[in-house]
Amino acid sequence: MTIQGTTKICALIGDPVEHSLSPCIHNAAFQRLKFDYVYVAFQVRREELAKAIQGVRSLKIHALNVTMPLKVDVIQYLDRVDDVVKMVGAVNTILNDEGSLIGYNTDGKGALMALKANNESPADKKIVILGAGGASRAISYSLAEETREIMILNRTLEKAESLVKDLSSKFGNKVRSGKLCRNLLRKELKEADLLINATSLGMHPNEDKTPVKKNLLRPDLPVFDLVYDPLETRLLMEAKSVGAKTIEGLTMLVYQGAASFEIWTGKKAPIQVMLEAAQEKIEAPKSGIV
Ligand code: ATR
């Protein structure tokens, strides 16, 4: 990669950022396509956000990814946001369009692309989504546009209800909510065609946790877990062991990155290159490669 006077800078902002896979995924894509872009990560604390965005404007940084804890706060500093952001209330992608900062959220599109790439089109399905946080908001909105029915189950019922209320103005009663508990899970999973975990249950360092007991899983219920650390969560392992199809969270991470890449460059993202870069990076510490 040659960094020169014309190189466009893309950056991740958030706190922490040092373990992010995004620099690796995007630089692999830029290099493969010989694009004159580079991707770096900046640690930005919440109280420094206004100044950081001012810096983006004055340094003419081309694009940003935004991660925790800035995804909601950043909206107030942008010139425009798209319709997805208006519904989801969080931004993960920004394009600096000749001085105008435009906010997007590609999480939902990423989940949709990951499902389709795994031959799990949401069309005419009943989908059970666990969780009602930021990730769930983004994917529920995207999936509701393409599927028959969505049931959102969350530990805190009020959060699921509030999400469904927001979605109902656009999607009517095809999105419902309930409390994440054993009885309701059993009932809802019986008629489900796809299960998505958008809670953080099972994430490192709580690898032994799972949101759904193994005896509620079945061979004809595909499972998509948004958690990607570990790559194979307990939920996915148990789903696999009963013969179900599984989709790893890393796929979604790469596809949401690909959707950002396409917004920034206007070109199709090299998915396979990005996926391999992410896998290599995530496996590197285990094999001792640095
Ligand atoms: P993200 O942006 O990744 O969605 P988040 O907004 O913090 O993160 O949301 C985390 C989700 O995981 C929430 O749905 C949360 O449930 P609550 O709304 O009840 O907090 C869910 N979650 C986290 N820990 C959980 C646990 N131990 N049991 C059940 N759900 C849990």
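## Two domains

The centres of domain 1 and domain 2 lie 26 Å apart, taken over C-alpha atoms. This is a predicted model. The domain assignment of the protein chain gives domain 1 as 8–106 + 252–283. Domain 2 spans 121–244.

## The interface

The contact takes 10 residues from domain 1 and 12 residues from domain 2. About 910 Å² is buried between domain 1 and domain 2. Carbon and sulfur atoms give 82% of that area. The count of salt bridges between the two domains is 0.

Which residues of domain 1 lose the most area to domain 2? They are Met-87, Val-88 and Met-252. Together these three account for 58% of what the domain 1 side buries.

## The second largest pocket

The second largest pocket holds about 230 Å³ of space. Its lining counts 16 residues. Val-84, Asn-105, Gly-108, Lys-109 and Ser-142 lie nearest the pocket centre. By class, the lining has 7 nonpolar, 4 polar and 5 charged residues.

Where does the lining come from? Domain 1 and domain 2 each give at least three residues to the lining of this pocket. Helix H4 (107–117), helix H5 (134–144) and helix H9 (249–265) each supply at least two lining residues. The largest share, 5 residues, comes from H4.

Technical notes: Residues are numbered from 1 along each chain as its sequence is written. This is a predicted model: local features need pLDDT of at least 70, side-chain atom pairs count only at pLDDT 80 or more; totals for chains, interfaces and linings use all residues. Side-chain values use heavy atoms; hydrogens and water are left out. On a 1 Å grid over the protein atoms alone, a cavity is a set of points where a 1.4 Å probe fits but cannot get out, and a pocket is an open set with protein on both sides within 12 Å along at least five of seven lines; lining residues have an atom within 4 Å of a point. Grid points are joined across faces, edges and corners, and a volume is the space filled by probe spheres set on the points. Helices (H or I, at least four residues) and strands (E, at least two) are DSSP runs, numbered from the N terminus. Ala, Val, Leu, Ile, Met, Phe, Trp, Tyr, Cys and Pro count as nonpolar, Asp, Glu, Lys and Arg as charged, and the others, Gly among them, as polar. Domain bounds come from an automatic or database domain assignment. Contact means heavy atoms within 4.5 Å. Buried area is the accessible area (1.4 Å probe) that two parts lose on being put together, summed over both. A salt bridge is a side-chain nitrogen of Lys or Arg within 4 Å of a carboxyl oxygen of Asp or Glu.
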